[in-house]
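These are my notebook entries on one protein structure. I record what I looked up, entry by entry.

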Amino acid sequence: MNSDVLVVGSANADLVVAVDRRPAGGETVLGGDTVLSPGGKGANTAVAAGRLGADVALLGAVGDDPYGRLLLDSLRAAGVDTGLVRTSDRPTGIAYITVTPDGENSILVSPGANSSLEPADVDAVFDGVEVMVVSLEVPLPTVEHAVARAAEKGVQVLLNLSPAAKLSPETLAKLDVLLVNEHEAAWLTGPGADFRKLLDLGPRTAVVTLGAAGAVVVEAGSVTRVESPKVEAVDTTGAGDAFAGALAASLADGADLVSAAKRAVRVAALSVTRHGAQPSYPTAADLGE
């Protein structure tokens with residue numbers, strides 16, 4: 001494996017249903033037709049980076065089923081190296097997603113094959129890697145082991161703390177970039193806390209995504225606000241993963257963190273104007289680059 005960007009994470013089939021409103025407990029709500037789309041935080045991140053031209057590989061697992069084949073086809077079409085995606089005896093992970101008319105989503109994930117990714121799977125995969133991105137739809141011991149191994153190899157480590165989970169202080173201290181949304185930031189530091197407190201947890205820098213309001217880059221001694229272009233959102237599914245993939249691609253290209261965040265905000269903004277996760281991700285040409 002000799003890719004600039006290594007993504008360690010999940011691959012899921014997204015089953016998306018448009019609804020007027022989300023059902024309450026015990027309630028049945030009729031929705032639109034189900035749309036099948038390739039997704040998963042890891043696969044999404046890899047595809048977002050690949051569509052921007054990054055040399056990227058995914059380390060993950062899928063089942064030996066039609067959903068797994070759909071995911072592999074989507075990854076390869078985006079230029080992602082799938083040599084490290086192994087086939088598990090468990091079914092491919094599935095995300096059940098409802099999307100309301102304002103573009104907001106609610107997601108239930110059945111991890112399936114993603115749960116079979118083990119710490120030993122990441123031991124010999126860092127040759128040539130500049131940036132590793134890891135998210136939390138795979139087992140936590142695998143995440144923490146991947147961070148430790150990448151740090152040992154001098155690889156820049158970007159961790160997308162989604163879905164939110166408690167990481168050891170040792171793992172947080174090895175992060176070059178902690179990527180969170182504003183809800184995850186509040187979960188870590190408390191509601192209304194100064195984003196600079198994220199660095200007190202150990203990472204060298206942090207990036208907080210704020211949806212339509214853009215992002216905040218937190219570095220030692222500075223906090224930089226990055227504004228987002230104004231767009232009309234139709235589906236926010238996978239926007240955070242688009243941001244993560246674009247951020248990693250730019251960092252691997254040598255960009256500084258603020259510049260990388262500015263590009264990532266543009267990528268995420270464009271993605272929400274289109275339906276689905278991976279199918280919504282722009283190319284460099286779409287950005288006018």
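Entry 1, exposure. I call a residue buried under 20% relative accessible area, exposed over 50%, and partly exposed in between (1.4 Å probe, protein chains only). The model is predicted, so I note that local features need pLDDT of at least 70, that side-chain atom pairs count only at pLDDT 80 or more, and that totals for chains, interfaces and linings use all residues. Residues are numbered from 1 along each chain as its sequence is written, and side-chain values use heavy atoms, with hydrogens and water left out.

I located Pro 191 in the loop between helix H5 (182-189) and strand E11 (205-209); helices (H or I, at least four residues) and strands (E, at least two) are DSSP runs, numbered from the N terminus. From Pro 191 to Thr 82 I noted 40 Å, C-alpha to C-alpha, and a separation of 109 residues in sequence.

I traced an open sheet of nine strands with mixed pairing, in the order E5-E4-E1-E8-E9-E10-E11-E12-E13. Two strands pair if DSSP finds at least two bridges between them. At the edges I found strand E5 (85-88) and strand E13 (222-226), each of which pairs on one side only. On average, neighbouring strands of this sheet are turned by 15° against each other, direction ignored. Strand E12 (residues 215-219) runs antiparallel to E13, and five bridges join them. Val 218 has Val 223 in E13 as its bridge partner.

Axes are lines fitted to C-alpha atoms, for helices over the stretch in contact, and angles run from 0 to 180 degrees between N-to-C directions. Helix H6 (residues 239-252) also packs on the sheet, and the strands it touches include E1 (5-8) and E10 (177-181).

A nonpolar core is a set of buried Ala, Val, Leu, Ile, Met, Phe, Trp, Tyr and Cys residues joined through side-chain atoms within 4.5 Å. I asked which residues have the most contacts inside the largest core. They are Leu 58, Leu 158, Val 207, Phe 243, Leu 247 and Leu 251, in a core of 47 residues. A second, separate core has 34 residues, among them Leu 136, Val 147, Ala 150 and Val 180. In soluble globular proteins, nonpolar side chains tend to be buried together.

My search of the whole structure gave eleven salt bridges, each a side-chain nitrogen of Lys or Arg within 4 Å of a carboxyl oxygen of Asp or Glu. Arg 69 and Asp 64 meet in one of 3.4 Å, N to O. With 44% relative accessible area, Arg 69 is partly exposed, whereas Asp 64, at 64%, is exposed. Arg 149 and Glu 152 form another, of 2.8 Å, N to O. Both lie in helix H3, three residues apart, about one turn of the helix. Asp 123 is linked with Arg 149 and Glu 152 in a network of salt bridges.

I found a cis peptide bond joining Ser 162 and Pro 163, with omega about -10°. Pro 163 sits in the loop between E9 and helix H4 (169-173). Most peptide bonds are trans.

Definitions and conventions:
Contact = heavy atoms within 4.5 Å.
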